[in-house]
Amino acid sequence: MEIFIQQLVNSLSVASVTILIGIGITLIFGLAGIVNFAHGEFLMIGGMITWFLVTSGMNFFLALVGAMIFVGALGFVAERGLFQFTLNRPMNGFIMSIGVSVILQHVVIRLFNEVQKTIPDPVGKVWVVGGVNVIAMRAVVVALTALVVAITYFGISRSRYGMALRASIADQETAELMGIPVRRYVTGVFVYGSVLAGLGGALMIALFPITPFTGSVLIIRGFAVSLIGGLGNVAGAVAGGLILGLVDGLSAGYGFPEWTDAYSLVVMIAILILRPQGLLGGTLGPRAT
Amino acid sequence: MKTLSAALVAAAFVGLMVRPAHAVDEELKIGVVAAESGSFVSAGNTIVAAAKLATQQINDAGGIKIGGKTYKIKLYIRDNRTDVNVTIAAARELVDDIGVKAIWGTETHDFSVSMAKITGPAKVLQFSGNSSLGAVLDDKSVAPGGWLHYTFQSEPQEWQRSGSTAKGVLSLLTPLMAHPPKHSVVFVGNDATGQYLSSHYVKALEAEGQQVDLVKYPPDTTDFSPLLTRIKGMNPDIVHFWYNGDSTLTAFPQALKLEVAPAYFLFGVDPGIYQERQLKSDKPVTMSCVPVCWGSSPYPVVQDYFKKYFELGASKGPQSSVSLLYYDYFFMYAKALEEVGSIDQPDAVVDALLKMNYQGVVSPVPLTFNPHHQVTFATEVCLVKPGTSDEFNCTVEQPPPAPPPGDTGG
Amino acid sequence: MMSPRPSRQEIVAAVVVLVFLVSFPWLNPGYRYLSLAITTGITSIALYGLGIQFGQAGIMSVGHAAFVGIGAYTAAILAGRLGVGFWLALPFSTLLSAVFAGLIGLPSLRVGGQHYIIITFCFCALFDLALTNGGTFTGAATGLDVGSIDPIFGLNFDQLRNSYYLVVVMLLICLLATYLMMNSSYGRTLRAIRENEPLARAVGINTALHKIGALMVSGAFAGTAGILQAYYLRHISPGLYGPFPSLYLALMVMLGGSRLLYGPLAGAIIVSFLPEILKLDPIDSRIAYGIGLLVVILLLPGGVSSGLLEIYRRLMPGRRR
């Protein structure tokens with residue numbers, strides 16, 4: 001029984017990192033209409049910046065903030081410099097983002113070499129609760145993610161900014177006519193999503209080593225999570241992340257280990273085909289093609 | 001002014017034409033195909049570094065004396081970009097355009113096999129450090145006329161490596177455990193190398209009396225906790241992280257935190273890396289190096305090698321010792337060429353290599369190739385004192401004389 | 001259904017391309033470039049599949065490498081298990097890939113473009129996994145070995161030049177098929193569906209049939225590329241046919257331009273040869289390649305081939321197609 005609970009506890013922390021990516025993507029994809037395949041690299045860079053700052057002597061949590069700021073700025077540059085020109089042709093934006101991801105991966109290799117990077121566990125404790133080993137850092141990851149989810153959710157649903165955002169996806173032209181600076185909101189959402197990716201990267205390197213290629217492994221997860229939950233739907237991203245995290249954890253725990261990835265792939269395909277609008281409903285994408 | 005410059009030019013001309021009467025060095029063209037970019041770059045770079053070090057040492061010592069002439073090695077290094085198309089193009093270039101006599105590489109089994117299909121018909125020698133070649137090196141393929149007749153496997157046969165490792169691990173761990181270990185779990189990455197290596201290691205452990213469970217994980221896993229928790233539920237005595245080094249370094253700290261087992265073995269993790277990462281465990285941990293440890297080898301000749309290797313600028317990673325799978329063979333090849341007396345007789349060179357005994361750096365006993373062109377040497381296993389990151393105790397167990405039951409050899 | 005007579009421009013372009021392809025080995029390229037040319041040619045055959053399915057029908061996929069893989073593994077398994085050689089296996093590889101492409105295409109009838117992209121990625125990842133865990137049937141992660149192509153008409157394909165011409169012949173067949181399709185009413189229907197599917201349906205076009213048809217043609221091209229690749233590399237493994245190779249295929253066809261006849265070929269040539277010719281450091285060359293892609297997308301949305309076409313049109317005023 002402890003093993004089962006241990007599996008659940010494990011799944012939660014992995015789901016957290018996936019949720020952080022997923023929220024970023026669901027907001028950017030669903031609300032801003034930008035398909036950014038380099039989002040995984042944003043996360044990786046968040047982790048690399050954290051590593052760089054920590055090994056230079058900075059405290060982990062300060063480095064985490066530094067990473068968030070850096071990646072947020074990176075997102076700003078990317079949106080203003082690249083993605084704003086492809087808003088009307090998201091497929092081009094998608095291909096461009098593949099180019100961006102290749103560039104970012106290799107710039108990181110140039111600067112930091114290709115060997116995996118790691119930092120010592122910032123918290124370092126393991127709590128043993130009733131036969132279950134809870135790694136303290138993982139609990140921190142879950143807590144921070146929950147905080148971010150709460151801020152984002154209430155920000156979108158309650159604040160004026162959030163309402164304006166939702167109006168923008170529902171009908172961009174009308175929103176613009178009503179004085180909502182949609183373009184600025186698009187930039188804002190993009191930067192916010194990037195900041196979340198930076199946070200995700202910092203938390204990730206606190207848990208396990210990362211390489212310049214870590215981002216490309218995670219990105220599909222992020223997209224699947226946001227599509228499963230429903231584009232633009234924060235609660236949906238959380239649900240999607242939890243579901244995939246659970247499927248992963250349980251399939252690794254009880255299925256055939258070498259087929260581990262397959263279970264979540266099948267779940268992704270099934271939900272995408274059977275319920276394209278996502279489990280909790282969302283937009284069908286900026287242009288429902 | 002014009003006359004002066006004309007005079008200078010004339011003088012330079014004359015100077016160039018009058019050369020001291022010494023023998024002109026001949027060139028021995030050798031190729032290297034390795035990943036200098038792409039995802040396998042950390043292994044690929046070690047091959048290049050080893051080649052450069054060996055070449056520099058051979059050339060600085062006066063080159064190779066073959067048939068009355070002195071040959072200096074000219075290295076032609078080609079990046080395969082971790083791409084098979086580029087590997088093949090590079091092999092074609094080296095073999096057909098440049099005309100090398102031998103090629104070292106690659107770090108990837110698939111690429112080495114594709115490359116051998118080019119070097120074989122062209123009678124170019126190939127030295128590959130992939131033990132998985134054992135699956136294709138058989139009587140037919142290495143016979144004269146076979147496609148692998150000119151290919152040599154510079155990594156020991158897997159069942160040998162498995163055998164000597166299993167012995168070493170158990171001999172180091174058993175004294176430190178509360179009761180003799182009976183149940184081992186082997187945890188391996190599910191790619192070509194992982195599948196091949198584990199198939200032999202499991203048999204080796206069973207031959208030592210262990211009851212073995214094999215768990216294969218998807219190669220790009222970063223969060224090992226679900227699988228590690230599952231393994232914990234199996235109540236193992238020892239968990240063997242069998243491949244690869246980078247994944248092991250990710251999984252092992254997670255395993256420690258989850259308290260998965262009373263003892264561990266880490267394949268391909270060098271004591272040097274363990275120390276650098278400041279890993280620490282209160283449970284006994286053993287590790288092995290592929291093929292020798294750079295972090296704490298008891299042999300001065302190995303320490304000296306790594307000192308020179310890192311001095312040349314190579315990066316210190318889990319794969320650094322892979323370089324030794326390539327280094328010694330430059331010297332063996334040079335020796336074979338000297339014996340044959342010509343660079344244009346590849347068949348004779350192959351025969352010379354098969355008969356040769358060479359004392360290299362990679363092994364305390366002389367290197368030899370078996371009839372299937374595979375080299376033999378022991379594996380070093382080290383135990384780190386529990387609670388420390390830098391106190392090691394290493395042992396080298398000779399490989400078993402024959403494959404264990406159920407193991408087809410290869 | 002009859003295609004109108006090709007314009008003078010088209011004939012000139014075709015002759016130029018033909019002459020270039022046929023004469024390449026005689027320009028003394030060296031073995032390295034010849035080998036790269038062969039693999040580039042194989043890649044471009046696969047890319048023409050994407051050209052039909054995305055350029056004409058507007059359906060993007062990042063799982064295309066899986067269909068190349070089906071062609072390759074079919075050939076390798078037939079050779080290993082049944083002793084079937086290249087020529088006999090060729091129709092099987094092509095057909096099987098087409099069938100699977102049609103099946104995997106079914107979800108595209110139900111969901112939108114972005115969803116379908118993720119679905120193709122997932123299917124490709126599953127295919128990779130199935131190959132890796134396929135035991136001795138698929139050779140598992142180690143993969144399968146393949147022999148040589150049986151000689152015909154006295155031509156030995158171990159000679160690099162002959163392999164090159166084999167690939168060129170296949171490529172030319174591909175180009176011809178693409179040209180005929182683009183200029184037929186079938187092509188026009190596909191483009192109508194691409195531009196406005198609900199409208200196409202409203203005028204009575206069976207969009208489902210057309211889309212699946214385009215996907216099957218795409219699969220057929222991929223399967224042909226697969227068997228050619230298997231017999232050139234002589235060793236195949238799952239890593240060649242996973243989602244990331246698929247991503248690079250999508251990238252190449254976008255770079256070259258998916259809608260024009262020579263776009264896929266241009267994309268393959270650029271990606272394979274530019275890093276070679278510029279002799280860039282491998283890491284820098286990938287950075288340059290990524291930047292080049294950004295430049296192309298931002299300034300030349302139709303790909304490099306459409307840019308070249310624009311230049312040609314500007315230089316040759318007068319007769320317009």
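Where does H12(C) bend, and which proline follows within four residues?

## Helix H12 of chain C

H12(C) bends by about 30 degrees at C:Ser272, and C:Pro275 is the proline that follows within four residues. The bend at a residue is the angle between two axes, one fitted to the seven residues ending there and one to the seven starting there. This is a predicted model, where local features need pLDDT of at least 70 and side-chain atom pairs count only at pLDDT 80 or more, while totals for chains, interfaces and linings use all residues. Residues are numbered from 1 along each chain as its sequence is written, and chains are lettered from A and ligands numbered from 1 in the order in which they are written.

H12(C) covers residues 263-278, and its 16 residues reach 21 Å from first C-alpha to last, close to the expected 22 Å (1.5 Å times one less than the number of residues). Helices (H or I, at least four residues) and strands (E, at least two) are DSSP runs, numbered from the N terminus. Both C:Ser272 and C:Pro275 are among the buried residues of H12(C). Buried here means that 20 or more other C-beta atoms, placed from the backbone, lie within 10 Å of the residue's own. Just after the helix, C:Lys279 takes a positive phi of about 50 degrees.

## Where chain B touches chain A

Here, 27 residues of chain B are in contact with 27 residues of chain A (C-beta atoms, placed from the backbone, within 7 Å). On the chain B side, H8(B) gives the most, with six residues. That side divides into eight nonpolar, 10 polar and nine charged residues. Ala, Val, Leu, Ile, Met, Phe, Trp, Tyr, Cys and Pro count as nonpolar, Asp, Glu, Lys and Arg as charged, and the others, Gly among them, as polar.

H8(B) is mostly covered, with eight of its eight residues buried. The axes of H8(B) and H1(A) come within 9 Å and cross at roughly 170 degrees, so the two helices are roughly antiparallel (over 145 degrees). Among the residues that meet are A:Ile3 and A:Gln6 in H1(A), and B:Pro226 and B:Thr229 in H8(B). This contact has two nonpolar, six polar and one charged.

## A helix pair inside chain A

H5(A) and H8(A) pack at about 170 degrees, with their axes 10 Å apart, and they are therefore roughly antiparallel too. A:Val141 and A:Leu144 are among the H5(A) residues in this contact, and A:Leu199 and A:Leu203 among those of H8(A). The contact holds nine nonpolar residues, no polar and one charged.

Terms used:
Axes fitted to C-alpha atoms, helices over the stretch in contact; angles between N-to-C directions. Parallel < 35°, antiparallel > 145°, perpendicular 65-115°, else oblique. Contact = placed C-beta atoms within 7 Å. Buried ≥ 20, exposed ≤ 12 C-beta atoms within 10 Å, placed from the backbone.
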